[in-house]
Amino acid sequence: MISIIKRNVNVFFNTEMWIVILVFSIYSAYLKREAITFNLSYFEYLIIVMTDHYYILYFMILSFTYLIYKLYREDNEIILIRSKTYLNYYVAQIASLFIISMSFILIHLIIPMVIGIGIRFESEFTNLSIDTNTIIVGEFNQYFSNPFVALISIVFYLILGLTFLGSIFLFLNNFLTEKFVLIIIVCIYILMLLSIRSDVDSMIPFVFLNNYIILHHAFATIDSKYYLFIIVEVALLICMMYIMKKYWYKKLSVRFFNNPLDKWNLNMLFTKKNLIVIIVLSTFTVISIIIKYNNLTFFDVISIQFYGHGTGYFNFIYFISLVVYNGVPVYLLSYFLEKESINRSSVLTIRLQYKQIWLSSILRSSFIFILSYIILTITVTVIVSIVFGLSFNGYDYMHQIFIGFGVNEVNTLKLLLIIIISKALELYFSFLFIFTLFGIVKNATTGFVLLELSYLLLLIDAQFVKYIPIGMSSLLRIAEFVGRNGITYLASIGILLISICLLYRVQRKYIINQIF
């Protein structure tokens with residue numbers, strides 16, 4: 001065990017640790033000026049340095065996770081063999097994580113202890129007449145008798161939290177491939193960032209890992225019962241050790257698609273070029289919205305992003321936004337149909353045995369791509385909103401829009417469901433429309449051009465236009481957002497489903513025979 005701890009500590013504290021020390025030293029010097037401005041005591045200064053959640057979330061946790069990732073990227077088989085049992089090896093790794101976390105936090109404590117020399121040396125809480133996000137020492141006044149006790153608790157909580165974070169990484173790394181471990185860690189980190197922009201962590205506090213690392217975040221979610229986070233940490237560590245003892249030799253292989261034809265189709269759809277186009281376009285769109293409008297929340301941004309266009313009038317910006325957002329995935333799918341028809345060899349066609357197998361794979365792969373497109377654009381919106389510091393609590397800008405249309409504010413969860421479901425169905429209908437014409441004229445470009453021209457129907461001021469599937473996912477066509485000028489989201493979803501079923505029926509009966 002001692003050899004494992006020594007080896008891990010030496011690998012963790014490499015030359016890259018000096019970058020962490022340098023950054024934290026500069027930040028500590030900056031916060032010293034804040035402490036002097038507000039006449040804080042020495043221990044209060046240490047508290048604001050060790051609890052600054054912007055530094056912790058945006059640098060400390062990232063640097064710690066990166067160094068842990070480098071540490072456990074490769075297994076040391078010799079040490080594993082010398083440990084006799086895998087449980088002994090895992091316990092030794094957790095012990096080394098605790099030592100690493102403790103050393104990592106103590107380094108962070110020693111730096112401000114040195115920089116803070118000269119500040120009045122007292123251990124009493126200062127009453128501040130001003131509310132500031134940086135100076136949060138007042139939050140500890142109701143839980144601890146003096147700043148020194150609060151500081152000790154903060155340091156201990158940070159050590160346990162980072163140890164828990166490292167243990168999760170070590171546990172996942174044992175059972176999953178590196179790619180899926182990184183995906184899960186990124187998701188955990190995004191959840192931590194979301195928690196400081198919204199109150200969602202107050203509803204499900206035990207899901208957000210920042211509540212296990214930053215003490216005043218635990219106060220904010222479950223108040224004086226913050227010790228429950230420590231109990232959960234210990235319980236989960238015991239569960240992880242039990243699972244390691246029983247199933248350490250197993251590997252979880254996550255396979256979403258076992259069908260080789262699906263994999264072939266998805267590889268053509270999810271190319272790096274396609275993903276870059278989607279991400280760049282989504283980022284540009286979201287940033288443009290944030291720059292153009294003031295006082296936005298995340299839900300304001302996503303509402304504007306999926307505004308779309310109503311019927312019976314023309315708004316250039318809304319119209320172009322709708323055509324471009326809907327046009328990107330449909331164009332990529334059109335290109336996919338052309339490429340697939342060229343690359344599909346006669347040998348593959350013969351081996352399919354049934355035409356329906358090919359049709360099902362094309363339709364299934366296309367729907368997965370459309371759904372992924374929507375989720376990816378929403379994810380980009382979330383990330384950009386976090387970077388720009390937008391709130392995730394309800395609406396601000398859209399509040400007046402709802403009043404103007406004479407409707408009640410749409411629940412934020414309902415908003416997301418309406419966007420995802422209606423947009424996925426509309427884009428799928430658009431693809432089926434092009435796919436149908438592709439079977440007739442053997443050219444996807446014709447179908448794509450006709451589809452894009454069909455958006456001009458939205459400019460007609462007639463009642464029947466409200467019920468055409470083209471552009472039906474636009475929020476400006478849904479009654480919950482625009483009142484009597486639109487139709488209910490359930491009616492729009494019903495129309496889209498009927499349209500999809502009709503096109504699917506046509507393809508199975510007639511079009512598939514035209515393609516082969």
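## Salt bridges, helix packing and a surface patch

Lysine 70 has a relative accessibility of 38% and therefore counts as partly exposed. Buried here means under 20% relative accessible area and exposed over 50%, with partly exposed in between (1.4 Å probe, protein chains only). The structure is a predicted model, in which local features need pLDDT of at least 70 and side-chain atom pairs count only at pLDDT 80 or more, while totals for chains, interfaces and linings use all residues. Residues are numbered from 1 along each chain as its sequence is written, and side-chain values use heavy atoms, with hydrogens and water left out.

Lysine 70 forms a salt bridge with glutamate 16, and their closest N and O atoms are 3.3 Å apart. This pair links distant parts of the chain, 54 residues apart: lysine 70 belongs to helix H4, and glutamate 16 to the loop between helix H1 (2-12) and helix H2 (17-37). With 23% relative accessibility, glutamate 16 also counts as partly exposed. A salt bridge is a side-chain nitrogen of Lys or Arg within 4 Å of a carboxyl oxygen of Asp or Glu. The helices are DSSP runs (H or I, at least four residues; strands are E, at least two), numbered from the N terminus.

The count of salt bridges comes to 3. Another joins the side chains of aspartate 262 and arginine 364, at 2.9 Å from N to O. Here too distant parts of the chain are linked, with aspartate 262 in helix H14 (residues 260-269) and arginine 364 in helix H19 (residues 355-387), 102 residues apart. Aspartate 262 is buried, at 5% relative accessibility, whereas arginine 364 is partly exposed at 35%. Arginine 120 and glutamate 122 meet in a salt bridge at 2.6 Å, N to O. Arginine 120 is partly exposed at 27% relative accessibility, and so is glutamate 122 at 36%.

The protein as a whole has 24 helices and 0 strands. Its C-alpha atoms fill a box of roughly 80 × 60 × 35 Å along the principal axes. Of its 516 residues, 50% count as buried. In helix H16 (residues 298-305), 8 of the 8 residues are buried, so this helix is largely enclosed by the rest of the structure. Among them are Phe298, Phe299, Asp300 and Gln305.

Two helix pairs show how the helices pack. Axes are lines fitted to C-alpha atoms, for helices over the stretch in contact, and angles run from 0 to 180 degrees between N-to-C directions. Helix H4 (residues 53-71) packs on helix H8 (residues 147-175) at an angle of about 45°, their axes 11 Å apart. H4 and H8 are therefore oblique to each other. The axes of helix H6 (residues 86-115) and helix H13 (residues 227-247) come within 9 Å and cross at roughly 150°. This makes H6 roughly antiparallel to H13. Angles under 35 degrees count as roughly parallel, over 145 as roughly antiparallel, 65 to 115 as roughly perpendicular and the rest as oblique.

On the surface, a nonpolar patch includes Phe314, Val324 and Leu459, and its residues together have about 860 Å² of accessible area. Helix H17 (316-343) and helix H22 (444-454) are the elements that give two or more residues to the patch. H17 gives the most, with 4 residues. Valine 324 lies in H17 and is partly exposed, at 36% relative accessibility. Patches are made of residues with over 30% relative accessible area and no salt bridge, like charges being joined within 9 Å and nonpolar side chains (Val, Leu, Ile, Met, Phe, Trp, Tyr) within 5 Å. Accessible areas come from the Shrake-Rupley method with a 1.4 Å probe, and for residues only the protein chains shown count as cover.
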